[in-house]
Amino acid sequence: MRTNQPQTIHLSEYKVPTYLVDTVDLCFQLYDDGARVHSTLSVRQNPESKDVSAPFTLDGDSLNLERVTLDGKALVAGDDYEETGEHLVITEVPSQFELTVVTWIEPQNNTRLEGLYKSSGMFCTQCEAEGFRCITYFPDRPDVMARYRTRIEADKATCPVLLSNGNDIDRGDLGSGRHFVTWEDPFPKPSYLFALVAGDLVEKQDTFTTCSGRDIDLRIYVETRNAAKCEHAMDSLKRSMRWDEEVYGREYDLDIFMIVAVDDFNMGAMENKGLNIFNSSCVLASQETATDLAFQRIEAIVAHEYFHNWSGNRVTCRDWFQLSLKEGFTVFRDSTFSADMGSPTVKRIEDATLLRTAQFAEDAGPMAHPVRPASYMEISNFYTLTIYEKGAEVVRMIHTLLGPELFRKGSDLYFERHDGQAVTTDDFVKAMEDASGRDLTQFRLWYDQAGTPLLTVSDNYDSEQGVYRLTIQQTIPDTPEQTNKQSQHIPFALGLLGIEGEALPLRLESTGDAANAPTERVLELTEASQTFEFYGLAQKPVPSLLRHFSAPVRVVYPWSREQLVFLMSHDPDGFNRWDAGQRLAVDVIQSLISSPETAEIEPRLVEAYRALLADLSLDQALVAKMLQLPSEAYLIELADSPDVAAIHRARERVLSHLATSLRDELVACYHANTGGGAYEVTPESIARRSLRNTALSWLLLINDDAGRDLAVKQYSDADNMTDRMGALRALVNSDYAAERSQALADFYERFQDDPQVVEQWFAVQASSDRAGQLPQVQTLLKHAAFDWKNPNKIRSVIGVFAGQNLAAFHNPDGSGYGFLADQVCRLDDSNPQIAARLVAPLTRWKKFAPTYSALMHKALGKIRDKPELSADLYEVVHKSLE
Ligand code: PHE
Ligand code: ZN
């Protein structure tokens, strides 16, 4: 906690570490009232550092230092070392030495959930990015890689299970009810990958045989009550291990791989070497308690953390500016994995939706930063959609430009060349260049320029010559500290459709024959404006642009509604079919916003939806996605100076018009997709559930009594959480107040002992414009199950209200903003990381219509004026007020 301004750290000031640490010997003595940590480091001067004879500086945060010895000799405070609050400085050291530091810490009072803390009685750690310094003094930076040996001593009854990284090499009894286990990790690693867990846990065990025939011991550790909820994560883990062998040639390297579930966790999960620690909500699942979305999320996150073993752990980051080196690449890997496990088109739609809705907004806001940032104050604020999702898109574009074979050659070279090293995004790109022979110089701008490129596309058709010309202009908007950007290298996939919907050959030369021309091409944009000519076309085609969302850019083209309807049913690219539907719906909603008196809502939209509901030959997973109207958040993102209430009204009006016009089709769709066998998590059955739950929610929106009866029945008969939650959500968002409260009460009664389900119960209310107005949300905060120390509960009420219940949050009286400001201030004292994340919706104040932005600005000012602002919150609030 601080009141003065935190320092800005610049990439340009990177220096190699002065001292290197070869081994770390740790001993943790865990007690109810605290923990003593002995740490012995073998240190030597870094031959690459120019700072000879410099003092040895270690990082520390909130530590009680008990003792320091150098080569066995006790050091004296003031004479031999100094403690400055954030550092331990050992004034004089030889070129090689052994240093022992003893600290006392209080995990039971650690509410920031960084370092060693307690979660439902169990000890656990979170060290990324800078949590290891809350455990002991250490040069806590990722380019200091060491081999760790960890001994844990604790009470046998409360902590029968003692875990750390690597292999367990020794264990024994210590008398007086205590015991110990020693772990050794043979792979050098940065401190942020260190982990320890001690508690009363049960294990679920399995085995995986690797491609070279080694048997790996797989274990998932959970509290006893969750023993039956590990199967899906275990299956996902085995699928991930196999996939990484097959697709990237990566084999697991230790003899044991462990996952632990903890209830109190700031993020989703953490890839600690051999000992992944997961937020319970990202690992535990059963048919009765987890939705399809949760099942898919768990599979993706288990894969993500597992994949980090190579992209992150074996090859790690030189410094935190390189965060996307491991995160962007690993998200790309997990996203390809999910596509392979399910429906690739649907996965692409989901990724693009997240990017276009939330990452584009971030990239246009006050915290916009490049995939490789040039500076930061608090690194925790940079675990962003830009680093993760845009970073993954950047890797995907390399994949598109190189093609799968050369990309694989590049990743092989990268892993081989840099195994055991801490490297940069530039090293990654270099490996891709060296393996492929392609020049990615201009492409590298994707790492250094922030902002979403805007592509403005225009076309004309020369009927005499049969030539179609497409002109694409790119501009990259200014972002904080960056103006006048250079053109980027953008892969732009496209196709052209003829009048019957046929895919036309794309001939870029006037000669050559049409039969050999491909019907899809990836154009490479490199200049501010480029024109492409397509020859041999008998009529003006309909362009299908940026297929598969081949680059994270905005595309502007003057589509007519007719063209969009045509693409919705004819585009061979499923992604662009969906996209055409979204553009059409956006256009219809936007025109209602600008002229709300319009009596008629575009009949072609209704007919297009009718066709979707009727045509059972279509991929039902895609249909389920196409039926989702663009979200309010997306409509806000697309608007200049959005009026949230107007957007909300227009969208609701289109929804109820669709529901009224298609009422009978919806009932039919509901029945067609109900029944039919036992619960499975496959793309087909997920699509069926999604379709019936969408139909249900639309019917309830128009107060259809038959729909209400279906919802009430589905709620009580459901044998899985997707259907139970689908019915509950439909009721909660309806005007059937009696049924809504009855279902909510029943749901709580049924699931009150399951924290992950209670979180869903909070979220479904906080996101509803019916059940989640501010007074009701305030009531949720007083509910017995709400817990100010648990990030999931905080997110499921406050985060969901501010991020998903947009009409209520943006109440024109400013009450939503004031509420968020108060909660953020309160949380800043206990958990600054969470506070800084929750404040995000307010930071976008400049974008909104003046009535909103003035009030948002005022709420931010209130936070800025809070005494003792954390560095986390300071950075976000000050940057957004600048
Ligand atoms: N590195 C984790 C992941 O992406 C995320 C994380 C960051 C978790 C910081 C905790 C703290 O998988
Ligand atoms: Zn990650």
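These legends describe close-up views of one predicted model.

**Conventions.** Local features need pLDDT of at least 70 and side-chain atom pairs count only at pLDDT 80 or more, while totals for chains, interfaces and linings use all residues. Residues are numbered from 1 along each chain as its sequence is written, and chains are lettered from A and ligands numbered from 1 in the order in which they are written.

View 1. The UniProt record, an unreviewed entry, lists "domain: Peptidase M1 membrane alanine aminopeptidase" at residues 233-443. Positions follow the numbering used here, feature names are shortened, and annotations may be inferred rather than shown by experiment. Residues 233-443 are 55% helix and 9% strand, and the end C-alpha atoms lie 37 Å apart. Residues 562-882 are 73% helix and 0% strand, with end C-alpha atoms 44 Å apart. Helices (H or I, at least four residues) and strands (E, at least two) are DSSP runs, numbered from the N terminus.

**View 2. The shell around ligand 1.** Which residues are around ligand 1? They are Gln126, Glu128, Ala129, Met267, Ala269, Met270, Glu271, His304, Glu305, Glu327 and Tyr383. A residue counts as near if its C-beta atom, placed from the backbone, lies within 6 Å of the molecule. Strand E20 (269-270) and helix H2 (292-307) each supply at least two residues of this shell. By class, the shell has five nonpolar, two polar and four charged residues. Here Ala, Val, Leu, Ile, Met, Phe, Trp, Tyr, Cys and Pro count as nonpolar, Asp, Glu, Lys and Arg as charged, and the others, Gly among them, as polar.

**View 3. The open sheet E4-E8-E7.** Three strands line up in the order E4-E8-E7, with antiparallel pairing. Strands E4 (56-59) and E7 (81-83) stand at the edges with a single partner strand each, so one side of each is left without a neighbour in the sheet. Neighbouring strands are turned by 15° against each other on average, direction ignored. Two strands pair if DSSP finds at least two bridges between them. E4 and E8 (residues 87-90) are joined by four bridges. Phenylalanine 56 stands opposite isoleucine 90 in E8.

**View 4. The open sheet E29-E26-E25-E31.** This sheet has four strands and mixed pairing. E29 (529-534) and E31 are the edge strands; each has a single partner strand, so one side of each lacks a neighbour in the sheet. The twist averages 25° from one strand to the next. E25 and E31 (residues 554-556) run parallel, over three bridges. Threonine 456 has valine 556 in E31 as its bridge partner.

View 5. E25 (residues 454-462) and E26 (residues 467-475) run antiparallel and share nine bridges. Leucine 454 stands opposite threonine 475 in E26. Tyrosine 461 has tyrosine 468 as its bridge partner in E26. Four residues lie between the strands, and glycine 466 takes a positive phi near 65°.

**View 6. Helices H18 and H19.** H18 (residues 737-751) and H19 (residues 755-766) pack at an angle of about 165°, with their axes 9 Å apart. Axes are lines fitted to C-alpha atoms, for helices over the stretch in contact, and angles run from 0 to 180 degrees between N-to-C directions. H18 and H19 are therefore roughly antiparallel, a term used for angles over 145 degrees.

Note on methods. Angles under 35 degrees count as roughly parallel, over 145 as roughly antiparallel, 65 to 115 as roughly perpendicular and the rest as oblique.
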